[in-house]
Number of protein chains: 2
Amino acid sequence: MTSDYATLSPEQSVTEAIAKLRREAPDKETIYYSYVVDLGRKLIGFLSLKDLILARPEKRVEEIMHRDLIFAHVTDDQEDAARKIAKYDLIALPVVNGNNVLVGIITHDDAIDIINQEHTEDMEKFMAIAGSHETGVYMRTSSWQHFKNRCVWLVLLAALGLISGYIVQSFEGLLLQFAILATFMPMLADTGGNTGSQSATLVVRALAVREISPRDILRVLWREFKVGLPLVLLLAVLAFGRVIFFAGSASRPEGFSLSLIGLAVGVALGIQVLTATLIGSLLPLAAAKAKLDPAVVASPALTTIVDITGLFIFFTTAKFFLGI
Amino acid sequence: MTSDYATLSPEQSVTEAIAKLRREAPDKETIYYSYVVDLGRKLIGFLSLKDLILARPEKRVEEIMHRDLIFAHVTDDQEDAARKIAKYDLIALPVVNGNNVLVGIITHDDAIDIINQEHTEDMEKFMAIAGSHETGVYMRTSSWQHFKNRCVWLVLLAALGLISGYIVQSFEGLLLQFAILATFMPMLADTGGNTGSQSATLVVRALAVREISPRDILRVLWREFKVGLPLVLLLAVLAFGRVIFFAGSASRPEGFSLSLIGLAVGVALGIQVLTATLIGSLLPLAAAKAKLDPAVVASPALTTIVDITGLFIFFTTAKFFLGI
């Protein structure tokens with residue numbers, strides 16, 4: 001925010017206003033937008049230099065000024081202010097305090113910087129990188145700082161990953177009997193993580209550009225459900241085919257056909273993909289609802305959570321189908 | 001790009017120029033920047049309305065115009081043009097063809113749209129979503145279109161995941177003997193994926209804001225190596241501790257101590273984290289070098305690749321340490 005802008009008073013004539021801008025121009029960042037303030041510096045209107053140049057010279061500022069102002073409050077999030085500049089194609093946005101007193105402006109170039117900054121922040125939070133999220137400082141940040149930014153979430157997620165380990169361990173008997181199931185663990189985890197990350201990305205992005213808000217939760221879940229169903233069918237059939245055609249030599253007890261195992265893997269993957277889709281869209285919305293940044297609960301956190309649900313789904317489904 | 005801008009000729013006086021802008025202002029999107037062109041419409045200079053208002057009225061345009069122009073070529077990437085507007089805090093950027101003839105301008109609000117658009121595109125490509133990547137159309141896009149955008153990469157990655165399956169299958173004997181190893185597969189895969197994704201995100205973002213280029217490959221690898229080493233130590237020690245403290249009841253043959261298994265898991269995770277860090281930074285740089293979008297080879301593709309290398313590292317290391 002800068003205080004480097006021109007103000008006009010409502011009683012000035014257009015000629016006087018232009019003369020004032022000409023006097024002040026050498027010191028001002030922009031004279032293309034002027035803000036009209038009353039004696040108490042309350043913001044009451046706005047004029048562009050184009051308006052002034054086109055107006056009849058004897059008109060008074062208050063006769064020609066725009067009273068339907070777009071402005072931001074000092075307490076607003078800077079990203080919201082930047083989005084307003086983008087939405088209304090403004091060169092600058094005035095900022096007022098609680099008493100409507102003009103305290104500064106945010107210019108179009110500030111807005112680009114803010115938006116770039118938020119993009120970097122989103123991407124980095126999305127990938128579980130802590131820290132300050134400045135743009136364009138990758139090479140200048142020290143290795144030690146990079147290490148600190150990255151290790152926090154890696155350690156937290158590895159701790160959360162303990163749960164995956166417990167699940168595998170508790171189904172050890174099943175795995176020893178059907179070693180073939182271990183073959184499908186990576187695919188199940190990856191596909192769940194990928195589907196969930198896709199949903200989370202779309203929802204985080206739609207939240208970021210203010211297309212949706214946490215109130216839309218049911219509409220979003222219904223939408224993801226509709227997209228998830230065909231994905232479930234497609235991926236389940238592929239997983240079934242994979243078992244039938246590529247897993248012939250893996251070890252399994254006598255009397256269990258490949259198609260039964262294929263069915264178990266396919267159904268498990270289907271449930272996993274649908275769950276991942278719903279969790280992937282639900283988590284960012286829940287974070288936004290709790291006034292947290294939606295990006296925080298995205299990809300790596302999501303992958304770890306979806307791994308846990310996925311392994312549980314996988315082994316439970318396998319037990320059910322194999323009747324043990 | 002718009003053709004809705006004002007041009008001046010070099011011989012005009014400041015008074016004539018202002019009069020011309022005043023005449024044309026009602027029809028022009030912006031009159032704050034004017035472009036000076038010769039008789040063949042070649043771009044030779046630039047003047048802001050502020051320059052004109054401050055200049056002595058009898059001066060000629062060519063006496064006061066700026067000749068050190070910032071401009072874009074019609075063949076330039078629109079993102080590069082937008083980044084120029086951001087870098088030099090411009091209200092508009094002129095676009096010329098191969099003969100230096102002015103063919104249009106890109107305004108500051110176009111730039112914000114382009115930057116937002118590219119960010120949506122980056123995020124979506126990053127998360128393996130194909131399609132048109134328009135901003136703000138999540139709810140308006142049909143479920144069927146969403147399905148088509150998402151399934152392409154999911155299927156490709158699931159196919160690539162066949163390789164993970166083969167690796168697990170080929171170490172089946174080891175797994176049957178040491179079921180305890182299966183317990184660590186999810187953590188190994190997730191931690192590798194998370195570390196690799198962090199590196200990829202930082203490199204993709206640094207490439208996007210033009211902080212680095214593919215030529216910096218050795219500097220980037222060296223940097224990632226320096227960040228990777230302490231991560232390796234930290235995570236390997238944690239993995240070792242995890243085996244010692246949390247895996248007591250998992251099945252293993254007589255005569256193999258938990259500390260030996262912990263050592264194997266810790267070393268495997270260490271190698272995996274370092275490999276993932278280097279692959280994560282290398283892949284986006286390689287893509288940029290090959291004139292592909294770096295975002296395409298990022299997170300899910302990376303996770304799948306790192307899973308494959310990780311499983312191979314895991315089982316090979318385990319075999320080595322357990323002497324079988």
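Helices here (H or I, at least four residues) and strands (E, at least two) are DSSP runs, numbered from the N terminus. This is a predicted model, so to speak of local features we need pLDDT of at least 70, side-chain atom pairs count only at pLDDT 80 or more, and totals for chains, interfaces and linings use all residues. Residues are numbered from 1 along each chain as its sequence is written, with chains lettered from A and ligands numbered from 1 in the order in which they are written.

Let's start with the sheet in chain A. E4, E5 and E6 form an open sheet in the order E4-E5-E6, with mixed pairing; two strands pair if DSSP finds at least two bridges between them. Strand E4 (72–73) and strand E6 (102–107) are the edges, each pairing on one side only. E5(A), residues 92–96, runs antiparallel to E6(A), and 5 bridges join them. A:Leu93 sits opposite A:Ile106 of E6(A).

Axes are lines fitted to C-alpha atoms, for helices over the stretch in contact, and angles run from 0 to 180 degrees between N-to-C directions. Contact means that the C-beta atoms of two residues, placed from the backbone, lie within 7 Å.

| Helix | Strands it lies across | Angle |
|---|---|---|
| H4(A), residues 78–87 | E4, E5 and E6 of chain A | about 140° to E5(A) |
| H5(A), residues 108–126 | E5 and E6 of chain A | about 70° to E6(A) |

On to the interface: 87 residues of chain B are in contact with 87 residues of chain A. On the chain B side, H9(B) gives the most, with 18 residues. That side divides into 49 nonpolar, 24 polar and 14 charged residues. For the classes, Ala, Val, Leu, Ile, Met, Phe, Trp, Tyr, Cys and Pro count as nonpolar, Asp, Glu, Lys and Arg as charged, and the others, Gly among them, as polar.

One helix pair shows how the chains meet. H9(A), residues 180–208, packs with H7(B) at an angle of about 150°, their axes 8 Å apart. That makes the two helices, H9(A) and H7(B), roughly antiparallel (angles over 145 degrees count as such). The residues making the contact include A:Phe184 and A:Met187 of H9(A), and B:Val168 and B:Gln169 of H7(B). In this contact, 5 residues are nonpolar, 4 polar and none charged.

Finally, the domain assignment of chain A, which is automatic or from a database, gives domain 1 (6–112) and domain 2 (161–322). Their centres, taken over C-alpha atoms, are 53 Å apart.

Methods
Angles under 35 degrees count as roughly parallel, over 145 as roughly antiparallel, 65 to 115 as roughly perpendicular and the rest as oblique.
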